[in-house]
Amino acid sequence: DSGQLVEPIADGRDEHFLVTAFVKARGRPPWEVGWTPDRFEAYGQLLGRMHALTQGYRVPDSAWQRPRWDDDVMLDVGQFLPASEAVAAAKLEQVVAYLRTLPQDDDSFGLTHFDAHGANLLIDEDGTITLFDFDDCCYCWFVHDIAIVLFYIVMGAEDELAFTETFLTHFLRGYRRENRLDPRWLNEIPHFLKLREIDMYAIIHRSFDVDNLDDPWCERYMRDRKRRIEHDVPYLDFDFASLAGLL
């Protein structure tokens, strides 16, 4: 009733619950409505619009500043890897160290969703995509958002490389309608895919008994994952530079 976007409610222990309300987005999950080339393009256009808007955005109050991609709160997953996963932990440190060497400017780096996969969006009957779950929103490279989208959507594809080419052809065509990204950033996609690959590997170690996985998605993901991570097998062995003309 006070018109506040967030209301604190005392929990009786000198802390508070934070309460807010949302308007339910229209539409259904993509696995119910199905993906089409037009929807791939709409997906890319949505992220392109977000990236274009953030380039001119300056937070009005520093207290509201979202974290950077390498803030401790964002990169705490390494602690969930057991001692037996020392190689994976070292690989995580290596990819993070490499990413920290990449240039940052308004054209390539800004506020990103950071987790814009299919479980965090709905598609309505008109094909409009509504993205939600901005809990991980942070400052990162725009191409990271593209890599995350690809990381999840390619899972389960019968021919991953053929699907990657088809998907990115349409996705980047839509992206370009809203934002221009230097094509050289396509070369960095494998590094961002590897970051998420190890990140997910650590999260599964945190949340499940990896020797007795009863979750089908996690069981499929973890097959041969240890070997792939330890031997630097690319998440996708795809020539991303071949798509440079789309940007």
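**Ground rules.** I am working from a predicted model, in which local features need pLDDT of at least 70, side-chain atom pairs count only at pLDDT 80 or more, and totals for chains, interfaces and linings use all residues. Residues are numbered from 1 along each chain as its sequence is written, and side-chain values use heavy atoms, with hydrogens and water left out.

**Salt bridges.** I noted that side chains of opposite charge can pair when their charged atoms come close. I took a salt bridge as a side-chain nitrogen of Lys or Arg within 4 Å of a carboxyl oxygen of Asp or Glu. Searching the whole structure gave 19 salt bridges. E219 pairs with R223, at 2.7 Å from N to O. D224 pairs with R227, also listed at 2.7 Å, N to O. I checked the exposure of both partners: D224 is partly exposed at 40% relative accessibility, and R227 is partly exposed at 39%.

I then looked at K226 and E230, whose closest N and O atoms are 3.1 Å apart in a salt bridge. Both residues sit in helix 8 (residues 225-230), four residues apart, which is about one turn of the helix. Helices here are DSSP runs of H or I with at least four residues, strands are runs of E with at least two, and numbering starts from the N terminus. E230 is partly exposed at 24% relative accessibility, and K226 is partly exposed at 33%. I also recorded one network, in which salt bridges that share partners join R26, D124, E125 and D126.

**Pockets.** I used a 1 Å grid over the protein atoms alone, where a pocket is an open set of points with protein on both sides within 12 Å along at least five of seven lines, the probe is 1.4 Å, and lining residues have an atom within 4 Å of a point. Grid points are joined across faces, edges and corners, and a volume is the space filled by probe spheres set on the points.

The largest pocket holds about 470 Å³ of space. It has 24 lining residues, and M74, F114, D136, R196 and D199 are the closest to its centre. Helix 4 (142-153) and helix 6 (189-207) are the elements that give two or more residues to this lining. Helix 6 gives the most, with six residues. By class I have 13 nonpolar, two polar and nine charged residues in the lining. In this scheme Ala, Val, Leu, Ile, Met, Phe, Trp, Tyr, Cys and Pro are nonpolar, Asp, Glu, Lys and Arg are charged, and the others, Gly among them, are polar.

The second largest pocket holds about 320 Å³ of space. R66, F134, D135 and C137 line this second largest pocket. Its lining divides into two nonpolar, no polar and two charged residues.

**A52.** I found A52 in helix 2 (residues 37-54). A52 is partly exposed, at 30% relative accessibility. A52 and D106 are 54 residues apart in sequence, with their C-alpha atoms 9.5 Å apart in space.

Methods:
Buried < 20%, exposed > 50% of the residue type's maximum accessible area, 1.4 Å probe, protein only.
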